[in-house]
Each structure stands twice: as structure tokens, then as C-alpha cells.
Amino acid sequence: MDSNKKLYTLLVYSENIAGILNQITTVFTRRQVNIESLNVSASSVKNIHKYTITTWSEEEQIIKITKAIEKIIDVLKADYYLEDQLFIHEVALYKISSSVLLDNPEVSRSIRRHNARMMEVNPTYSTVLLAGLTEDITDLFHALDDFGCLLQYTRSGRIAVTRSFQEPISDYLRSWGKSEDVHEK
């Protein structure tokens, strides 16, 4: 990987209108930039959805991507951030072999060390949940994989909130004289 590339998180705000996600991802495709993770959810502002997108990029490229996304007609606001500018979390589920879990006490010790939670234990498999930073999620993945007990694994995209007091879109909406219940751009 290019040493000038950093992991950026883009927060994109729009109304919940069909087709916007495709338009946003097309911006990345045109520039041949891979999306590492993507999460779409409601924001704290009524009727506004938030897209949390992570990608490895150089700053010059991420600026261009952010500007191109903001030009999409139904996008209200887009900003990019480095990790220290956000509170970040992910969630992961691990399905592991119950027989390995019961035969090797190090497996359950590793789960406890990572502050993960057992969701289900049955004779065939057990399900483990971990919420945390990407590094914590991947560390537990490698530990369970090394024990040879991992059957399935999935993790959410990154979720993030800024370190500012409120959603960045709130200031934008006030500057347009809009209430937080947006119906048009």
C-alpha cells in the first residue's frame, strides 16, 4: 500500500431517496478507489440519513471524492475525517465450534480478555459478539482462527460520530435557514 495513503472516514448526509447510494459509490468507482466499509443509517436529524464510508486514500484524492459527492443533487453535506477526529466502533459476530470451545479453556479466556459476549451456546456451535475498535475485532478474529474453531465471521461497517457537539449537518441546515425537518435542498 502507498505510504501516503491514510484511512479516511467520510460522513455523507442526505434525505432517504432511492438511488443515492449508487450515485455515491459510483464516485469511488470512477476514481478506482476501493471502499473498505460502508454503513447507512438514520442520523440524529429527522428525515436525514447518514452514510459512513471508510477508504484508504491520499488527501488530495479524498478532497476530490468529497467534493464530487457533495455535487450529487440529493446529498446535503459530505465531510472526511481521520480517526482521531471521530468516535469509532464496529460490531462483529463470530460463530465458533462448541467442541473446541469446551475442549480448550484458552478459547473462552481469549473471548473474556477481549470483553466479548457469548450470545448462544449449543452442542454444535457458539456465537460470540464483540463491539469495539477495528483492531480489537480483527485481533479476536485472529485468536479464534488460530485456535481452529472459527466457523463463520462477519463484522459491521464502521459507525462513527464526530467529536463536535452535534451532527455536522445541523450547522449546515441552520445556515440554509432550514429546520431540522428537511424536505428540500
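This is a predicted model: local features need pLDDT of at least 70, side-chain atom pairs count only at pLDDT 80 or more; totals for chains, interfaces and linings use all residues.
**Notebook: strands, helices and one serine**

I began with the hairpin, which joins β6 to β7 through three residues. Residues are numbered from 1 along each chain as its sequence is written, and side-chain values use heavy atoms, with hydrogens and water left out.

**Entry: the β6/β7 pair.** I looked up the two strands, β6 (residues 117-121) and β7 (residues 125-132), and found them paired in the antiparallel sense over four bridges. Strands here are DSSP runs of E of at least two residues, helices are runs of H or I of at least four, and both are numbered from the N terminus. Two strands pair if DSSP finds at least two bridges between them. V121 has S126 in β7 as its bridge partner.

**Entry: the open sheet.** Next I traced four strands in the order β2-β3-β1-β4, with antiparallel pairing. β2 (35-42) and β4 are the edge strands, each pairing on one side only. From one strand to the next the twist averages 15°; angles run from 0 to 180 degrees between N-to-C directions, with axes as lines fitted to C-alpha atoms, for helices over the stretch in contact. I counted seven bridges between β2 and β3, and S41 stands opposite K50 in β3.

**Entry: helices on the sheet.** α1 lies across β1, β2, β3 and β4 and runs at about 15° to β3. α2 packs on the sheet too, touching β1, β3 and β4 (contact means heavy atoms within 4.5 Å). The direction of α2 makes about 165° with that of β4.

**Entry: the two sides of α2.** I then checked which residues of α2 are buried (under 20% relative accessible area; exposed is over 50%, partly exposed in between, 1.4 Å probe, protein chains only). They are I62, I65, T66, A68 and I69. These cover an arc of only 165° around the axis, which puts them on the same side of α2; the arc is that of the directions from the helix axis to the C-beta atoms. E60 and K67 are exposed on the other side. The cover over the buried residues includes β1 (6-15), α1 (20-30), β3 (48-57) and β4 (75-81).

**Entry: S97.** Last, I visited S97 in strand β5 (residues 86-97). S97 counts as buried because its relative accessibility is 12%. Beyond its neighbours within four places in sequence, S97 is in contact with T124, C149 and L151.
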